[in-house]
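Open the model in a viewer and keep the selection panel at hand. The stops below go through one chain, then the other, then the contact between them.

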Amino acid sequence: MRKLVLTALALGGMVAANISSAFAEWAPPGPIKLTIAFRAGGGADTQARLIAEHLEAEKGWKIIPENVTGKGGINALKALKDQPNDGTAIAIVVTESLGYNLVAAKNSGLSVSDFTPLTTTAGFQMGVVAKTEKGWKTFSDVIEAAKGGQAIRFGVMSPKLDDLAYMLGKAHGVEFNTVMLRGGKGVMNGLNAGDIDVGWGAGIQNAAVQSGDMVNLASGLSTKLSISPDAPTMEELGVKFNADGYFVFVAPAGLPNEARTALSEALSSVAADEATKAGGMIKKAFGGAQIIKGDELDAIVSAAADASAELMNAAE
Amino acid sequence: MEVSTYLWLGIEAVFAGPTAFSILGVSVSIALTMVFAGFLLGIVVGSTPGLAGPMAMAISLPILISIFGYSPDALLPVFGFLIGIMKGATVGGAVPAILFNTPGTPDAFMTTLDGHPMARKGEAARALRVAHVSSASGDTFSDVALIVCAPFLAILVEAYLDLPEKTALLILSMAFIAAVVGGSPAKGLISAALGLLAASVGTGEDFTPRLTFGFDSLASGFPIVTAVLGVLILGEVFKAIEEMWHERGRDAATTNEQIQRPGRLDRETLRRIFPYVVRSSLIGTAIGALPGIGSTLAATLGYTSGKLLHARRKADDEPAFGDGIPEGIAATEAANSSVSGANLIPVLSLGVPGNAAAVFLILAADSIGGFNPGPSVFRFTTDSINPELVIAFGLFTMMMVANLVNWTIGGVFMRSMGAMTRIPKHRLLPVILLLTLTAIYIQETKMAALWFAVGFGLLGYVMRRLAISPLPFIIAFILGGRLEETARQAFSATGGDPWFLFSSATSIALLVMTVAVVAVLSARGRALV
């Protein structure tokens, strides 16, 4: 009898220990490899490195960042796909990489089901930007100039934005000369050097817009831009597609739920906290954190893939 | 914001940046410490025959990046160290040339002509002092030219050149470098073409990476560090190992005749060398500003023009160039040292590297990020601070600091370097090989990167055996992506005009110059350098 009680106690103890370890904080089984899909030194890269730095200090995790650039995030996703799915491999890309770019890269052998989205950190303040000295106040001025016979050079930084620029022209019966530039920085340099007339800016233009040096002629989003509430949205301009998008952390498919929750929580809480270096930088560069995770994020990612296929057909 | 504001911000970024240590309550920034350390290392490297500045820059770059990380804060300390090496090696190259008749760096060959005879006459210390003063003067003069010219050239390019003309300018730069460097224009063009081919792998705008033969490790192209370190450093090491193999058993006769007599530079000597220093500094700076033409040509031209000047002026019974006179050393050292600063003019204003040292500065900027050498750096924004411009002025400040270090303690340090010449090559080469491979692995952390590097090393070796200069290869590799991008942009900006290169007079003029450079130099039958 006594033996039985002892056994029961021991069993109970083991169960309790199991339960408490389930509630104990999840920790990665080894150093985390963080694949960054952006060029070293840019805003996106800095954001990822600062988040990693904070987590290393706060949680004691070891995070090894590595830049794998090119092909709109496809190279980074390729590098991530075959890594272990135990939480020791994550990547930061944009939702466009999981959506439009995966659909467009037919030969990549990748699909969106190869990945587990973790959390977004910030959204784009995507606008159509021009130098103020051009004299244009809103997007219809650009259309007018184009109809008057002026060739308009439209700077874009991804194939999706290229399609959207084309659709913007098509909706108004004009054709822009779209010029592919390297990142938002490339568009800003192109505008300043006079190589292009208008271009997409994903938030990099904010300082120049606020100082009056540049102007947001249109919002590329489904919503108004926070600093230029007068600029018309894509829908108002007669285009049913938009450039809504976010920076997003992903892991390979099959990541255990426990790890997914822990990683999403850890990453998003740093991004959302403006008191951290990372959060402060996100506030400054991208106008504040926008956190979407779990089922809601899954829904956004799969909707983006559908919309992309439709956009590609429309812009054919 | 005014130019003076940026100038001040640049100085502040260097002096008031993160602190390394403090002496007597005065804190010394990391950037300054790195300039100092780089300069001393540069002198050591320059004084060691078989080592050269670019080699030390190549090996230290990945190590520096692993120390300072990828934040924009890393830019100034890393640039500082590299610039220190560049300047130190320029001064150091004269040491073995004077003491042992073996140039420490290729451009110090002309220094042996008068330097070594002076050493044999027992005037080694005086010769080293002349070399130091001339080298430091030429270097400083060249930096001033850089600081004055680069911003204006950049602003001109941004203001007057449209995308098609920028494409034509890149084509001209590459053709110029290819035609000027190396054994012959044809060989230079082969080298550049191979560079463009290597740069095409894995790049391009399409989502499916090209030329990868299905290898995923090629999907983002060859990492730039494997191509640069492979061709430039490993290629050189392989070649040197082969030379050692041929020379084994032969005793290198070492001359050891320097007699250290105190040799202060008197006013009279300074007055005598002054006109030669000025002349050679002008020649070196003008040559340095053209991408691709290196310090060896500058040294040759400086020496030759000095020789002519001297022959006209001297009395018949006075010693001539080659007999061991200070003027000969001054003419050479001022010329080869004044190349380094001016060589950064095309780097900073156009993003076109002109020599191996400049390649490593571009490589550093590219790896760290946050600073893209090219015309957009010199945008004097009025409303907000342009951080790249602050870095550029920080760079200028550090060059001036390095000059100051050079003037004050460079001479003393240089004169204590005689021992470096005795390091045997069979000890040196394995160390370089190991350091280079480690450096590549630190940056890329993939075994594939080492295989790429060894492959590029073999290519570099074959090119050297065939007397094809590897420099056009490297520069074409670095510029290949830019050329393709700019050409694509020009094509789409002109609404898909296939003749965009002929769309304006400027562009056509640049293309005519491209053809002329290649044609004229081919007709001469040999390249300049």
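**Chain A: two domains**

Begin with the two domains of chain A: the C-alpha centres of domain 1 and domain 2 of chain A are 27 Å apart. To colour them in this predicted model, select residues 31–123 + 245–314 for domain 1 and 127–219 for domain 2 of chain A. Where they meet, 13 residues of domain 1 of chain A are in contact with 9 residues of domain 2 of chain A.

Next show the domain 1 side of that boundary. Helix H4 (95–104), helix H10 (277–286) and helix H11 (294–314) of chain A are the elements that each give two or more residues to the side touching domain 2 of chain A. H11(A) gives the most, with 4 residues. Coloured by class, this side of domain 1 of chain A shows 7 nonpolar, 4 polar and 2 charged residues.

**Confidence in chain A**

Switch to colouring by pLDDT. Chain A averages 90, and 92% of the residues score at least 70. Now select residues 19–23 of chain A: there pLDDT stays under 50, and the model has 0 contacts beyond four places in sequence for this stretch.

**A helix in chain A**

Select helix H7 of chain A, residues 183–193. Which residues of this helix are buried? They are A:Gly184, A:Gly186, A:Val187, A:Met188, A:Asn189, A:Gly190 and A:Leu191. Following H7(A) is A:Gly194, with a positive phi near 80°.

Most residues other than glycine have a negative phi. Two exceptions can be inspected here, one in each chain.

Go to A:Lys71, in the loop between strand S2 (63–67) and helix H3 (74–81) of chain A. Its phi is positive, about 55°, although A:Lys71 is not a glycine. Is A:Lys71 buried or exposed? A:Lys71 counts as buried because 26 C-beta neighbours lie inside 10 Å, and the cut-off for buried is 20 or more.

Then centre on B:Thr445, in the loop between helix H18 (425–444) and helix H19 (447–465) of chain B. B:Thr445 also has a positive phi, near 45°, and is not a glycine. B:Thr445 has 11 other C-beta atoms within 10 Å, so this residue is exposed; the cut-off for exposed is 12 or fewer.

**A helix pair in chain B**

Stay in chain B and select helix H7 (residues 124–160) with helix H13 (residues 326–337). Their axes are 7 Å apart and the packing angle is about 35°. The crossing of H7(B) and H13(B) is right-handed.

Show side chains for the contact. From H7(B), select B:Ala127, B:Val130, B:Ala131, B:Ser134, B:Ser135, B:Ser137, B:Gly138 and B:Asp139. From H13(B), select B:Pro326, B:Ile329, B:Ala330, B:Glu333, B:Ala334, B:Ala335 and B:Ser337. By class, the residues of this contact of H7(B) with H13(B) are 8 nonpolar, 5 polar and 2 charged.

**Where the chains meet**

Finally, display both chains. Their contact takes 33 residues from chain A and 26 residues from chain B. On the chain B side, helix H16 (356–368) and helix H20 (471–493) are the elements that give two or more residues. H20(B) supplies the largest share of that side, 5 residues. The side of chain B that touches chain A has 8 nonpolar, 10 polar and 8 charged residues.

Definitions and conventions. Residues numbered from 1 in each chain as written. Chains lettered and ligands numbered in written order. pLDDT = per-residue confidence, 0-100. Contact = placed C-beta atoms within 7 Å. Domains from an automatic or database assignment. Nonpolar A, V, L, I, M, F, W, Y, C, P; charged D, E, K, R; others polar. Axes fitted to C-alpha atoms, helices over the stretch in contact; angles between N-to-C directions. Left-handed = near helix turned anticlockwise from the far one by under 90°.
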